Amino acid sequence: MTGLGYTLPAAIAVVVVCVLELAVFRTGLFRKAEYWISMGIVLGFQVIVDGWLTKLSAPIVIYNEQHSTGVRFPFDIPVEDFLFGFAMVTAVLLLCARQRQRCPASERAACPNPRFRGRSPWAWVPTTMSTCPAAICLA
């Protein structure tokens, strides 16, 4: 049980996305309630699906225990799966938030709903086809 094959890359992925947010992009993602609510929803579904896929009584996905810590919680889910899940979802949300920061303020201000008008990077919603590439990442 060295953990080098699965645990180390999972831990590195978490560190990389955290460094990207805190030192490079600085989108404020980790301060957003929307982010943590989204992560809670992802975690809930991850437990259900991962628990079914990795249950030791009848596994669909089998992990080589020599490449992980061997710690499984809950429902026999390798803890490394949660690290990778966090890193993947956070990376996608970071890239979307980063793209939104790069959009012109005029496009962010175009939202007709006064509750969302001019707020960035999370709250704007384009009302027409936008020239901004962040239009693919709607909140």
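Student: What is the mean pLDDT of the protein chain?

Tutor: The mean is 81, and 72% of the residues reach 70 or more. pLDDT is the predictor's confidence in each residue, from 0 to 100. This is a predicted model, so local features need pLDDT of at least 70 and side-chain atom pairs count only at 80 or more, while totals for chains, interfaces and linings use all residues. Residues are numbered from 1 along each chain as its sequence is written, and side-chain values use heavy atoms, with hydrogens and water left out.

Student: Where is confidence lowest, and where is it highest?

Tutor: Helix 4 (residues 105–108) is lowest, with a mean of 62. Helix 1 (residues 7–25) is highest, at 96. Helices here are DSSP runs of H or I, at least four residues long; strands are E runs of at least two, and both are numbered from the N terminus.

Student: Which stretch stays under 50?

Tutor: Residues 120–139. The model has 40 contacts beyond four places in sequence for that stretch. A contact means heavy atoms within 4.5 Å.

Student: OK, overall layout. How many helices and strands?

Tutor: Four helices and zero strands. The order from the N terminus is α-α-α-α.

Student: What share of the chain is buried?

Tutor: 34% of the 139 residues. Buried means under 20% relative accessible area, exposed means over 50%, and partly exposed is in between (1.4 Å probe, protein chains only).

Student: And how many of the contacts join residues at least 24 apart?

Tutor: 60%, counting contacts between residues at least 6 apart in sequence.

Student: Packing next. What is the angle between helix 1 and helix 3?

Tutor: About 25 degrees, with the axes 8 Å apart. That makes helix 1 roughly parallel to helix 3. Under 35 degrees counts as roughly parallel, over 145 as roughly antiparallel, 65 to 115 as roughly perpendicular, and the rest as oblique. Axes are lines fitted to C-alpha atoms, for helices over the stretch in contact, and angles between N-to-C directions run from 0 to 180 degrees.

Student: Is that crossing left-handed or right-handed?

Tutor: Helix 1 and helix 3 cross in a left-handed way. Left-handed means the near helix is turned anticlockwise from the far one by less than a right angle; clockwise is right-handed.

Student: Which residues make the contact?

Tutor: Helix 1 gives, among others, A10, V14, V17 and F25. Helix 3 gives residues including L83, F84, A87 and R98. By class, this contact of helix 1 with helix 3 has 16 nonpolar, three polar and three charged residues. Ala, Val, Leu, Ile, Met, Phe, Trp, Tyr, Cys and Pro count as nonpolar, Asp, Glu, Lys and Arg as charged, and the others, Gly among them, as polar.

Student: Zoom in on A10. Buried or exposed?

Tutor: A10 counts as buried, at 0% relative accessibility. A10 sits in helix 1. Beyond four places in sequence, A10 contacts E80, L83 and F84. A10 and D81 are 71 residues apart in sequence, but 7.8 Å apart C-alpha to C-alpha.

Student: Now helix 2 and helix 3. What angle there?

Tutor: Helix 2 (residues 33–54) and helix 3 (residues 79–102) pack at about 140 degrees, with axes 10 Å apart. That makes helix 2 oblique to helix 3. Helix 2 passes helix 3 in a right-handed crossing. The contact of helix 2 with helix 3 has nine nonpolar, four polar and two charged residues. Among them are M39, L43 and T54 in helix 2, and F82, F86 and L93 in helix 3.

Student: What does T54 touch beyond four places in sequence?

Tutor: V61, Y63, R72, F75, D76, I77, P78 and D81. T54 is buried, with a relative accessible area of 1%.

Student: And D76, where is that?

Tutor: D76 lies in the loop between helix 2 and helix 3. D76 counts as partly exposed, at 27% relative accessibility. Besides T54, D76 is in contact with K55 and L56.

Student: Last topic, backbone. Which residue has a positive phi of about 50 degrees?

Tutor: R26, which is not a glycine. Most residues other than glycine have a negative phi. R26 is in the loop between helix 1 and helix 2 and counts as exposed, at 58% relative accessibility.

Student: What is phi for F75?

Tutor: Near 55 degrees, also a positive value. F75 is in the loop between helix 2 and helix 3. At 57% relative accessibility, F75 counts as exposed.
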